[in-house]
Amino acid sequence: MKVTIIGAGPAGSLLAHYLLRRGQYQIDIYDSRPDPRKISFSKYRTFPLLLSERGLNALRNIGLEEAVKSHGIENTGMINYSKNSKPQELVRRKPILTIDRNTLVNTLLEKLEEKDKNRQVNIYFNSRCIGVDFRHKRLKFKKETEEEITVGYDLLFGADGVRSVVRTHFLNTERFEFEQSYLHEVYKTVYLSRINDKLRINLEPNKLHSWKLEDGTRLLAMPQPDNTLSCGLVFKHKKNQVMGMSSKSEVREFFEHNFPEVAKLMSESEAEAFVKRPAWNFVTIRCNRYHQGDSVLIIGDAAHAVPPTIAQGCNSA
Ligand SMILES: Cc1cc2nc3c(=O)[nH]c(=O)nc-3n(C[C@H](O)[C@H](O)[C@H](O)COP(=O)(O)OP(=O)(O)OC[C@H]3O[C@@H](n4cnc5c(N)ncnc54)[C@H](O)[C@@H]3O)c2cc1C
């Protein structure tokens, strides 16, 4: 039986492991992007994920927990900073893993190929799904060369993320209901050093670090294996100073005033890059069903995207 998965992100690649374990399927995976193992992504085109017990358990069940953990950082707690009081630490009962999204996917894909002794898995990159015909079980793809191809499937999984093309085709099916909503907050990524020797700052490497202002603006910093911090600055979409910043000096001023410790870890080039970096929306996707007949299923963000602030999208994918 031929199973086709659209999307080689965390959900699609993890699913392929579980299907391969069953031994009875021919598995074809298509992804619109190039093979992430063959190109070097800048860290600005990926982001760190927090994997908690739910996500780690899914990896543990296919023997990949340790392989993934070896690329991440286990955080034993979170330190909350505020302007007028001492930092407070919240200790976690179980550590939470920080792992870069692309590194997670690369590990899943590498291990998938290692386990595929009988050559049951084919992965096609640079192949964007542009059409689905549920009735005739046909899929249309556009290749990098603009060439269009049509292939058949027996079972189809749409793991093609928050803007899922497979889900879009559900809209033509009977009584499918779908809701896409945005939070009133947006976020921008910030990249800092974890250490400033001159100023004797050395934030703990195995803790998450969080700052919050009275108006709800907050910054979460996640230590990375290379002694940097990948951070998300979350702020209100409307009437917020961050959206209006147009120069490096405004960025410096904002951080020095609101997050003085953070400002000391920010390089000049980062302050400049921050101005140009886009603000991202928090999208929530709700569907009244995830299947179409007995041969199509949408999974991961395609089916139930949640805002990154609750750090559960990948864990539940
Ligand atoms: C900044 C940020 C921080 C986050 N932090 C966390 C966190 O801490 N913890 C957590 O659990 N979750 C977090 N999330 C959410 C998490 O990233 C997603 O829930 C997770 O990546 C969903 O995996 P997915 O495979 O369903 O979708 P995606 O990761 O979006 O992957 C979809 C794949 O499908 C491919 N694709 C898309 N369209 C097509 C098409 N038409 N044809 C072929 N291929 C296609 C894409 O190239 C991609 O490879 C965060 C998200 C963001 C943006």
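Trainee: On what basis are residues numbered and values computed here?
Mentor: This is a predicted model, in which local features need pLDDT of at least 70, side-chain atom pairs count only at pLDDT 80 or more, and totals for chains, interfaces and linings use all residues. Side-chain values use heavy atoms, with hydrogens and water left out, and residues are numbered along each chain as its sequence is written, from 1.

Trainee: How far apart are the C-alpha centres of domain 1 and domain 2?
Mentor: The protein chain is divided into domain 1 (2-75 + 96-177 + 288-316) and domain 2 (182-280), with bounds from an automatic or database domain assignment. Their C-alpha centres are separated by 31 Å.

Trainee: How much area do domain 1 and domain 2 bury between them?
Mentor: Contact (heavy atoms within 4.5 Å) links 15 residues of domain 1 with 18 residues of domain 2. Buried area is the accessible area (1.4 Å probe) that two parts lose on being put together, summed over both. Of the area buried between domain 1 and domain 2, 64% is on carbon and sulfur atoms, and the total is about 1300 Å².

Trainee: Which element gives the most to the side of domain 1 that touches domain 2?
Mentor: Strands here are DSSP runs (E, at least two residues), numbered from the N terminus. The elements giving two or more residues to this side of domain 1 are β3 (48-51), β4 (73-82) and β5 (85-100). With 3 residues, the element that gives the most is β4.

Trainee: Which strands stand at the edges of the open sheet, and why is one side of each left without a neighbour?
Mentor: The open sheet has 6 strands with mixed pairing, in the order β6-β2-β1-β10-β19-β18. Each edge strand has a single partner strand, so one side of each lacks a neighbour in the sheet; these strands are β6 (121-124) and β18 (291-292).

Key
Helices (H or I, at least four residues) and strands (E, at least two) are DSSP runs, numbered from the N terminus. Two strands pair if DSSP finds at least two bridges between them.
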